[in-house]
Amino acid sequence: MSRQVVRSSKFRHVFGQPAKADQCYEDVRVSQTTWDSGFCAVNPKFMALICEASGGGAFLVLPLGKTGRVDKNVPLVCGHTAPVLDIAWCPHNDNVIASGSEDCTVMVWEIPDGGLVLPLREPVITLEGHTKRVGIVAWHPTAQNVLLSAGCDNVILVWDVGTGAAVLTLGPDVHPDTIYSVDWSRDGALICTSCRDKRVRVIEPRKGTVVAEKDRPHEGTRPVHAVFVSEGKILTTGFSRMSERQVALWDTKHLEEPLSLQELDTSSGVLLPFFDPDTNIVYLCGKGDSSIRYFEITSEAPFLHYLSMFSSKESQRGMGYMPKRGLEVNKCEIARFYKLHERKCEPIAMTVPRRSDLFQEDLYPPTAGPDPALTAEEWLGGRDAGPLLISLKDGYVPPKSRELRVNRGLDSARRRATPEPSGTPSSDTVSRLEEDVRNLNAIVQKLQERLDRLEETVQAK
């Protein structure tokens, strides 16, 4: 009688644990826009999600610990004139977030410590260069102030946020159709893209050259998403000709055949992959699904190993993924997702069961820290560097807030509002200030009402 040998892995028993009701963000209006992005971005300080807004596009930013019911009058980031499609926190400054919108602009915002008290309408800088809506924004993983944006004009622009200039352009000659996904390599030397023309490309953005290309990694017509994983491999999610969802692993040096190809199910939602380079685990979250699948990637065949699946009752509208430095290492938490429901954001912790509460070095190798390894000028000059690593053994201590410095002289042509020569504020500026004053008065009135109720309670006692 043959005996099946079970593969040994410390991640075989990883399980998902949803947060309790008081640790969720309740009564948030998640965006109804049909776009295949996560609609949510998180870091060790803040949680941001794209929400419904009348008269333009907006997203909500809350301090991570401010859970519970969200006030309907909570201040929003609301500078875009059309719906926001994608948001991304800067990996080197936890107070800076970028947003791409249907109004064809990318805006970079600075969030004060403690969150917003008044609506934020003026970005630090507005990046204008796309002619159609901007659906993807992605920060460079190791170079400071380098931001990539991809629009429905089939153009990828790489920006130096410090100057507001588009320093690199990949035009429609590289991508002849809509770009579905863009991902940086770990050292930021390459990008991996998937496109509506059914091709996945690995591109050296500074030279504008396609290093490797795969036609039809999945036979179906639905969108494909691609991300870099370990050791020069890429992972793609897509659909078969029979509309079955698939996940495939490819070696960028030999793209003729996949290293591994697995069929999952027949759901219609596009799978968004999230890769953790510290554990070599990839998580697949489908929009409209009620589950998160996770796989381990190894260096020997069959390369892609199914681990388990977290399931819940309610489907997800979007998903945010916490960087490793924002996790609770004393609880053996190796990943945390922020699942968007229709009116709620629910944290889900992925945990390795261990009896000891001591620091587990095998689960937490040195991970990417908040300091950039290169300046924008060094990267544009041809230098590459991996992320600067930090240890989580004594817990992560956030650095002091850093101001985003922008050379506004070079951005003057892009400034949306310029003061009049006489120094008199414009009518738009006055109306915005009046609205801010009204909001501030409403907050003061609420605080006064709470104080009155507290005094009555004290007198009654």
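The dialogue below asks how some descriptions of this predicted model are reached.

Student: What kind of model is this, and how are its residues numbered?
Tutor: It is a predicted model, in which local features need pLDDT of at least 70 and side-chain atom pairs count only at pLDDT 80 or more, while totals for chains, interfaces and linings use all residues. Residues are numbered from 1 along each chain as its sequence is written, and side-chain values use heavy atoms, with hydrogens and water left out.

Student: Why does the radius of gyration of the protein agree with that of a compact globule?
Tutor: The radius is taken over C-alpha atoms, and the globule rule is 2.2 Å times the number of residues to the power 0.38; for 461 residues a compact globule would be near 23 Å, and the protein has 23 Å, so the two agree.

Student: What share of the residues is called buried?
Tutor: Buried means under 20% relative accessible area, with exposed over 50% and partly exposed in between, using a 1.4 Å probe and protein chains only; by that cut-off, 52% of the 461 residues are buried.

Student: How many helices and strands does the protein have?
Tutor: Helices are DSSP runs of H or I with at least four residues, and strands are runs of E with at least two; on this basis the protein has two helices and 32 strands. Residues 77-119, for instance, are 0% helix and 51% strand, and residues 127-169 are 0% helix and 56% strand.

Student: Which contacts join residues at least 24 apart?
Tutor: Contact means heavy atoms within 4.5 Å, and among contacts between residues at least 6 apart in sequence, 53% join residues at least 24 apart.
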